[in-house]
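Work through the following exercises with the sequence and the 3D view at hand. Try each task before reading its solution.

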Amino acid sequence: MPKVNYSLTALQAVRLLGDWVDGRPAYVALASAFRALITDDRLPVGTRIPSERSLATHCGISRNTVTAAFGLLRAEGYLEGARGAGSVTAFPGEARRPRPAPAERPAGAAAGARIDLATDTTPDPGPLLTDAVHHAAAQLGGHPADAAHSRVGLYELREAIAAHYGRRGLPTTPGEVMITTGAYQGWGLLLRLMARRFEPVLVDSPTDPDALHAIRSIAGRPLPVGLGPQGWDPDLVGSALRQARPVLAYLMPDHHRPTGHLMSDAARRQVVSAARSSATVLVADETLADLTLDGTAAAPLACYGNRGEVVSIGSLSPVLWSGLDLGWIRASATVIGRLARLRGPGDAGNSLVNQLIACRLFESHDALLTERRTVLRTRRDALVEALRALAPDWRFTAPRGGLSLWVDLGERIGSRLAAAASTHHGVDVLSGSRFAVEGSLDGFVRLPYVQPADVLAEGVRNLVRAAAHLRGPQVRESHHQGPRLSHRERELVAA
């Protein structure tokens, strides 16, 4: 029997299943609906599902139908546990670790001919960066030697970040900010300070691979809660928090990576309230919070809780420049003090030069942010247009901000598509399984929109060609079984 992360009630299961009746035999349709929830990670591995009797009652169907559906899922490897002893979601062994995309380049392809749809970093700010570097060099002599080894960071930079939080509606002092070497060093420090070995750490699913790596590096256990088409389900998050009572929960409520979801005000209130009840510290990754492209930005998650209930981590990379590799932690002054002591002799602090460059660039933060938003909005719209024209069967929701689209391919080919696109079509892309705790989400790919519009269009065109080639032999061999090529896909294969 697999380890149980948390249990799903019958009412929650009915809500997740939605309208699952589709004309097929009822047990086949029910099994298909559950299978889709598991492969999309909305029912993460290790979730105990309701009993056959309870589910049958709430769905208004016979128990025999549920028994047959569960039996089919057990035979396929999507459920574990004996009948009558409870059923827990699982993943078939052969599909648990999808094959990663190979690193080698396609034969004959020049390095410059490749299209990078795997990276979601923004370019440097050009002349402003040159000015900031010269300014930093001139300022070096005016700072005491111990500033280079400060474990909390340069005061001027912490002051600028605190003021930025104040403008977002969250009063902050420099003493509540620590500068880190990127956002994920901050997350790693918080894990070392608060998490215990082998204990659960709640995460969204999908979530950022680096966040999962940091949890596993301290022998922690990621506890995934699946995101739906509209984002977070506060009821499911609350259930997981009540049952598992994790010390920490890692969320990205602002333009979530990779889905782009923005957590609603009501959901923020409910999640913070649930975390308070379970004594869980919420860590809000706000790396992409400034990149709101449509509408108004949301208030920081910490606005909905008391000091100590929500810790924020962020980064200067998306707006200023990824090459700085600087981030921060916003927490109570007490927690900042404990984190500073934790860094120890092996982590003496951050580069003084990089911090001085960041201070100078921060003076142009608003202008740079306006420019970034304008460029990203145009490129997002170009990617949306290319997908709708070239891949009309792929499903996605255009996000209000962030750096990427989360694209549902409609079939579990994400890893094979990434491999084929890299090897034969010169396009690097990340499959959805890279963002999963287990081997699920292979029906998705993440597509950043940081490249120019013409590059994005060509990248999509090549991805569609790769997908069509993957399906082609299957169609020829099985005729009416398996997916058919659309007219547009046949055109691209022939091109």
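## Exercise 1: a residue in a helix

Setting aside residues up to four places away in sequence, L368 touches P125, L128, V319, L320 and L361, where contact means heavy atoms within 4.5 Å. The model is predicted, so local features need pLDDT of at least 70 and side-chain atom pairs pLDDT 80 or more, while totals for chains, interfaces and linings use all residues. Residues are numbered from 1 along each chain as its sequence is written, and side-chain values use heavy atoms, with hydrogens and water left out.

Task: state where L368 is found and whether it is buried or exposed.

Solution. Step one: L368 is found in helix α13. Helices (H or I, at least four residues) and strands (E, at least two) are DSSP runs, numbered from the N terminus. Step two: L368 has a relative accessible area of 2% and is therefore buried. Buried means under 20% relative accessible area, exposed over 50%, and partly exposed in between, with a 1.4 Å probe and protein chains only. Step three: from C-alpha to C-alpha, L368 and P125 are 7.7 Å apart in space, although 243 residues apart in sequence.

## Exercise 2: the open sheet

Task: give the order of the seven strands in the open sheet and name its edge strands.

Solution. Step one: the order is β6-β12-β11-β10-β9-β7-β8, with mixed pairing. Two strands pair if DSSP finds at least two bridges between them. Step two: β6 (177-180) and β8 (221-226) are the edge strands, each pairing on one side only. Step three: on average, neighbouring strands of this sheet are turned by 20 degrees against each other, direction ignored. Step four: helix α7 (residues 183-194) packs on the sheet, and its direction makes about 150 degrees with that of β11 (310-315). Axes are lines fitted to C-alpha atoms, for helices over the stretch in contact, and angles run from 0 to 180 degrees between N-to-C directions. Step five: β9 (residues 248-251) and β10 (residues 281-285) pair in the parallel sense over four bridges. A249 has L282 of β10 as its bridge partner.

## Exercise 3: a buried asparagine

Task: which backbone oxygen lies 2.9 Å from a polar atom of the side chain of N350?

Solution. Step one: N350 sits in the loop between α11 (333-343) and α12 (352-362). Step two: N350 counts as buried because its relative accessibility is 3%. Step three: the backbone oxygen is that of I179.

## Exercise 4: the nonpolar cores

Task: which residues of the largest nonpolar core touch the most other members?

Solution. Step one: a nonpolar core is a set of buried Ala, Val, Leu, Ile, Met, Phe, Trp, Tyr and Cys residues joined through side-chain atoms within 4.5 Å. Step two: the residues are L387 and W394, in a core of 109 residues. Step three: helix α13 (residues 365-390) gives the largest share of this core, eight residues. Step four: leaving out residues up to four places away in sequence, W394 touches residues including L387, V407, L463 and R471. Step five: a second, separate core has 29 residues, among them W187, A211, V283 and V311.

## Exercise 5: the whole protein

Task: how many helices and strands does the protein have?

Solution. There are 16 helices and 15 strands. Of the 495 residues, 55% are buried.

Key: Polar contact = N/O pair within 3.5 Å; in protein donor to acceptor, adjacent residues only side chain to side chain.
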